[in-house]
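Subject: Structure for you to look at

Hello,

Here is the structure I said I would pass on. Please open it and keep it in view while you read the rest of this email.

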Amino acid sequence: MTADPPATAVVILAAGSGSRVGAEVNKVLLPLRGVPVLVWSLRDALALPGVRRVLLVVRPEDRAAVGEAVGPHLGDREVLVVDGGATRHASEWAALQVLAADVESGEVEVVVVHDGARPLAGLPLWQAVVEAARGSGGAVPVVPVTQLVHHDLAPVTESLGGVQTPQAFRAGDLLAAYRAAAREGFEGTDTSACMAAYGDVVVTAVPGSSLNLKVTFPEDVALAEELSPLSGAEA
């Protein structure tokens, strides 16, 4: 008998801008094979087994544009749009506060945090980090590291290079870490940085992918177009 997938909530961060890609709109709203960049990640999130809630964290001024962009691709599914903060950490904390009741009730066991500017992560990577986090407490995609990394020995942070998203953590541990960070005024560079500072979990480094690029500069949009599967526009 196959075990049920862990009850999962997904937080997709889309509160950035398009300044470095030379766009007048949020970069996650730029077209990629006929659909907005953000929609690629949203489709993966909604296809994730056991997903209970999906939150899109956006700038307040982007609420309407994001709604118009993703609405046609949701079908009968629902996502919640949350106003982000001035920093990545603040945006993550805003989403976790929305999820707090579901985490405390046990409705959500694992939380996945993903950068909406990484459209090509792919569903298998999402599933891999969720399953790894369920076992060890946390998981991040890393290129090319594949072993277990304990934060007491080697903090896994985006600043070290090679760390990608989606990153997944046991929900209770993640919420507790961000509450501790809020009390002390700590801000991490990514989710794993906060867990390294306040969590007590073993972070599993799962194999990332060179395809899982982050749209940051103008050439990234063109590269993502070349790397993305043709089926993306048809899904």
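Below is what was found, from the whole chain down to single pairs of residues.

This is a predicted model, in which local features need pLDDT of at least 70 and side-chain atom pairs count only at pLDDT 80 or more, while totals for chains, interfaces and linings use all residues. Residues are numbered from 1 along each chain as its sequence is written, and side-chain values use heavy atoms, with hydrogens and water left out.

The whole chain

The protein chain has seven helices and 10 strands. Helices (H or I, at least four residues) and strands (E, at least two) are DSSP runs, numbered from the N terminus. Of its 235 residues, 52% count as buried. Buried means under 20% relative accessible area, exposed means over 50%, and partly exposed lies in between (1.4 Å probe, protein chains only). The chain exposes about 10300 Å², and carbon and sulfur atoms supply 54% of that area. Accessible areas come from the Shrake-Rupley method with a 1.4 Å probe, and for residues only the protein chains shown count as cover. Among contacts with a separation of 6 or more, 77% are between residues 24 or more positions apart; a contact means heavy atoms within 4.5 Å.

Strands

Two strands pair if DSSP finds at least two bridges between them. Strand β9 (residues 167-170) pairs with strand β6 (residues 110-115) in the antiparallel sense over four bridges. Strand β9 also pairs with strand β7 (residues 137-142), again antiparallel, over two bridges. Which residue in β9 is the bridge partner of V112? The partner is A168, and A168 is the bridge partner of A139 as well.

Salt bridges

The structure holds nine salt bridges. A salt bridge is a side-chain nitrogen of Lys or Arg within 4 Å of a carboxyl oxygen of Asp or Glu.

One of them joins D102 and R53, at 2.9 Å from N to O. D102 is in helix α3 (residues 88-105) and R53 is in strand β4 (residues 51-58), 49 residues apart. R53 is partly exposed at 26% relative accessibility.

Another joins D115 and R88, at 3.6 Å from N to O. Here D115 belongs to strand β6 and R88 to helix α3, 27 residues apart. D115 is buried, with a relative accessible area of 7%.

R179 also forms a salt bridge with E104, and their closest N and O atoms are 2.7 Å apart. R179 lies in helix α5 (residues 171-184) and E104 in helix α3, so this pair ties together parts 75 residues apart in sequence. Salt bridges that share partners also join R88, E92, D115 and K214 into one network.

Aromatic pair

The whole structure has one aromatic pair. Rings of Phe, Tyr and Trp (its six-membered ring) pair if their centres lie within 6.5 Å; planes under 30 degrees apart count as stacked, over 60 as edge-to-face and the rest as tilted. The ring centres of F186 and Y198 are 5.3 Å apart and the planes are at 75°, so the pair is edge-to-face.

Surface patch

L211, L223 and L227 make a nonpolar surface patch of about 220 Å². Patches are made of residues with over 30% relative accessible area and no salt bridge, with like charges joined within 9 Å and nonpolar side chains (Val, Leu, Ile, Met, Phe, Trp, Tyr) within 5 Å. L211 is found in the loop between β10 (202-207) and α7 (218-227).

Regards
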